[in-house]
Amino acid sequence: MTNTPLMRKPLEQTDLVDWGVIPTMIEGESRVSGRVIHKGPDGMSECGLWICTPGKWFCHVTKDEFCHFLEGRSTYVHENGEVIEITPDTAAFFPQDWKGTCTVHETIKKVYMIR
């Protein structure tokens with residue numbers, strides 16, 4: 001038994017929590033689900049698996065977030081116009097206060113770390 005929180009084969013996870021619809025939807029109705037692997041003291045950090053269905057919404061990153069996208073396709077457009085195309089096996093870092101839109105074209109699955 002390990003004291004280190006871990007998740008094996010994240011793409012095969014079925015024990016997921018429904019986290020509802022993205023509250024800042026622009027088009028469609030993206031539903032989010034996933035599983036938290038670890039939450040730090042006072043919620044200062046968190047990591048886990050995040051799954052999101054197609055749609056478009058306004059995105060405001062409130063804490064630094066590192067993501068490794070495992071599956072699906074999406075487009076993030078920063079408020080300054082920078083376009084970030086996400087495809088499977090893309091790693092990205094979104095700094096605190098990143099703002100823009102996210103369009104999920106095909107359901108995305110990512111593992112993430114927020115701090």
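These are my notes from a look through the structure, which is a predicted model.

**Annotated domain**
I started with the record. An unreviewed UniProt entry annotates residues 40-112 as "domain: (S)-ureidoglycine aminohydrolase cupin". I then checked the secondary structure over that stretch: residues 40-112 come out at 68% strand and 0% helix. I also looked up how far apart the ends sit, and the end C-alpha atoms of this range are 14 Å from each other.

Next I picked out a strand pair. Strand β6 spans residues 65-78 and strand β7 spans residues 83-86. The two run antiparallel, and I find 4 bridges joining them. The hairpin has 4 residues between its strands. Which residue there takes a positive phi? It is Gly-81, with a phi near 100°.

**Cysteines**
Then I went looking for disulfides, taking sulfur pairs within 2.5 Å as the cut-off. My count is 0.

Cys-102 is in no disulfide either. The nearest cysteine sulfur to Cys-102 is that of Cys-59, at 6.2 Å. I put Cys-102 down as buried too, since its relative accessibility is 0%.

Methods. Residues are numbered from 1 along each chain as its sequence is written. This is a predicted model: local features need pLDDT of at least 70, side-chain atom pairs count only at pLDDT 80 or more; totals for chains, interfaces and linings use all residues. Side-chain values use heavy atoms; hydrogens and water are left out. Two strands pair if DSSP finds at least two bridges between them. UniProt positions are given in the numbering used here, feature names are shortened, and annotations may be inferred rather than shown by experiment. Buried means under 20% relative accessible area, exposed over 50%, partly exposed in between (1.4 Å probe, protein chains only).
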